[in-house]
Amino acid sequence: MVSTGAVDAAVLLAVAIEEAKAGLAEGGVPIGAALFDRSGTVLGRGRNRRVQDGDPSMHAETSAFRAAGRRPGYADTIMVTTLSPCWYCSGLVRQFGIGELIVGENRTFHGGQDWLAEHGVRVTTVDDPVCVAMMTEFVAARPELWFEDIGGEPA
């Protein structure tokens, strides 16, 4: 069990995993996220909806952030995501001063989490086997969609 302050990271991650599985079932990229307050209350949850919505900016973290709605500040919030955030989503965390980030896995993609940690965001990587398997299987099955999502080219 990985604990982050007063809340169990695995409990929070379970919400993001539900979102990732829903996205996969819809034909999208299986990345889920949720924004919580420090007590573990869900403020907003979402999934990568780039395929479903035809919107290249609808990443999981963006979806969760939008669902949380407007607040006067975000330093007391925790962004939880099944995969290390890309630079776009890392910028969102930094721009709005989200204080903590919980990452389900960073084996298949190591985004901007180190940069966020260097700028004062508390980062916890869980290395969750469900997250690893979900992304590994997706990348193998749909490499063209994966590389479209991360803005790269297949090797």
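These legends describe close-up views of a predicted model.

Residues are numbered from 1 along each chain as its sequence is written. In this predicted model, local features need pLDDT of at least 70, side-chain atom pairs count only at pLDDT 80 or more, and totals for chains, interfaces and linings use all residues, while side-chain values use heavy atoms, with hydrogens and water left out.

**View 1. The whole chain.** The chain has 7 helices and 7 strands. Helices (H or I, at least four residues) and strands (E, at least two) are DSSP runs, numbered from the N terminus. Along the sequence they follow the pattern β-β-α-β-β-α-α-β-α-β-α-β-α-α. The C-alpha trace spans about 40 × 30 × 30 Å along its principal axes. A compact globule of 155 residues would have a radius of gyration near 15 Å, and the 14 Å of this chain agrees. That radius is taken over C-alpha atoms, and the globule rule is 2.2 Å times the number of residues to the power 0.38.

View 2. Of the 155 residues, 48% count as buried. Buried means under 20% relative accessible area, exposed over 50%, and partly exposed in between (1.4 Å probe, protein chains only). The accessible surface comes to about 7000 Å², and 54% of it belongs to carbon and sulfur atoms. These areas come from the Shrake-Rupley method with a 1.4 Å probe; for residues, only the protein chains shown count as cover.

**View 3. The largest nonpolar core.** A nonpolar core is a set of buried Ala, Val, Leu, Ile, Met, Phe, Trp, Tyr and Cys residues joined through side-chain atoms within 4.5 Å. The largest one has 25 residues, and I31, F65, M79, I98 and W146 touch the most other members. At least two residues of this core come from each of β3 (32-37), α3 (60-68), α4 (87-95), β6 (100-103), α6 (129-141) and α7 (143-150). Another core, of 16 residues, lies apart from it and includes L13, A16, F36 and V126.

**View 4. Around I31.** Contact means heavy atoms within 4.5 Å. Leaving aside neighbours within four places in sequence, I31 is in contact with residues including A20, R47, A60, L83, M135 and W146.

**View 5. Helix α3 and its cover.** The buried residues of α3 are A60, E61, T62, S63, A64 and F65. What covers them includes β3, β4 (42-47), β5 (77-81) and α4. Just after the helix, G69 takes a positive phi of about 80°.

**View 6. The loop at D127.** D127 lies in the loop between β7 (122-125) and α6. Most residues other than glycine have a negative phi. D127 is not a glycine, yet its phi is positive, about 55°. Its relative accessible area is 33%, so D127 is partly exposed.

**View 7. The loop at G97.** G97 lies in the loop between α4 and β6. At 34% relative accessibility, G97 counts as partly exposed. Beyond its neighbours within four places in sequence, G97 is in contact with Y74 and A75. The C-alpha atoms of G97 and T77 are separated by 8.8 Å, with the two residues 20 apart along the chain.

**View 8. S90 in helix α4.** S90 lies in helix α4. Its relative accessibility is 0%, so S90 counts as buried. Not counting residues up to four places away in sequence, S90 touches P85, G112, Q113, W115 and L116. L13 is 77 residues from S90 along the chain, and their C-alpha atoms are separated by 18 Å.
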